[in-house]
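Work through the exercises below in order. Try each task before you read its solution.

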Amino acid sequence: MKHVLITGANGYIGQALARAVAKRLAAKEIQSLTLVDLAFEEQSYHHEPGLRCISGDLSDETVLQAALTPAPDTVFHLASVTSRLAEENFALGLRVNIAGTVSLFEHLRQQEQCPVVVYASSIGVFGTPLPQQVDDNTPVAPTLSYGTQKRMVELLLADYSRRGFLDGRSVRLPTVVARPMTAETALSSFASSLIHALAAGSTYECPIGPQGWIWLLSLPICVQHLLTTASIETVRLPEGRVWNLPAQRLQVADLVQAAKSRYGRGADAGLRFQSNPQFDRQFAQWPPLTTAIATQLGMQHDGDVKTLIEQALVS
């Protein structure tokens, strides 16, 4: 890993990943880091030699050409329209999640470098109703446009890899916590808002009931897994080049109880439940999860709910 490109670098996961890779740049472990997103805050990053922030849409040829100079040997492709927007604006989801990705892959293919491409896919590929158990071989049948688009890219990246154009690795992210409460761009972001509200003892109306089952992974551990994914030797990759990241399967009630133990019995004083049956079906009935491939590759979840909450709230 010498020349690294991160798309969607100003997003929730992108910012954390960019900070981690920027440390490697400062330590001279890599030679260049290019960050691309629609916009960046003015003082987002220190001006390290070799670090560039490119503001613009990847579907813009000028932006894409700039992002790919120098030619990256490692790409973390995080840029996407998230579940809420992809469902509300079908055309936007197609343009960003599909057309923009195809354009990126094509330009990388034409550079003839066969870079490692880590693609942030999603458990949204599974859809509903869910089976009684999910593992790496569970058939996918997405029931949201976002999940459909993620699955399409998984297949495309596997084919580019089969042909030797790219060295792709698709990892299916569970709900990653804890996003800022002002950033509920993904439909599953309620879990982040719930954790923040419990930590602060503030008012929050949860859209699923206390018995709802969810899969959670903290942001710091997610970043670790993305970096690990980029470093895996090609011969160790599974057929299809896609796997599920590990996650804790928890009931909402488990989060509430852990927060009360950590922050005091009044942590849930402002918590109210307003269950929506359709929302429950899509986001609150996750079955037991087995992640054999991730385990074999040395990846684990946070360990327990107490550690998850603490890791999720690391700034």
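Buried means under 20% relative accessible area, exposed over 50%, and partly exposed in between (1.4 Å probe, protein chains only). This is a predicted model, where local features need pLDDT of at least 70, side-chain atom pairs count only at pLDDT 80 or more, and totals for chains, interfaces and linings use all residues. Residues are numbered from 1 along each chain as its sequence is written, and side-chain values use heavy atoms, with hydrogens and water left out.

**Exercise 1.** Classify Phe165 and Tyr160 by accessibility.

Solution. Take Phe165: its relative accessibility is 25%, so Phe165 is partly exposed. Now take Tyr160: its value is 10%, so Tyr160 is buried.

**Exercise 2.** Find how many aromatic pairs the whole structure holds, then classify the pair of Tyr160 and Phe165.

Solution. Start with the rule: rings of Phe, Tyr and Trp (its six-membered ring) pair if their centres lie within 6.5 Å; planes under 30 degrees apart are stacked, over 60 edge-to-face, the rest tilted. The search finds three pairs. For Tyr160 and Phe165, the centres are 5.8 Å apart and the planes stand at 75°, so this pair is edge-to-face.

**Exercise 3.** Classify the pair of Trp215 and Trp286.

Solution. The centres are 4.5 Å apart, with 40° between the planes: the pair is tilted. Both residues are buried.

**Exercise 4.** Which residue has its charged end over the ring of Trp213?

Solution. The test: NZ of Lys or CZ of Arg is within 6 Å of the ring centre and within 35 degrees of the ring normal. Arg249 sits there, 3.8 Å from the centre of the Trp213 ring. Likewise, Arg109 lies over the face of Phe165, 5.3 Å from the ring centre.
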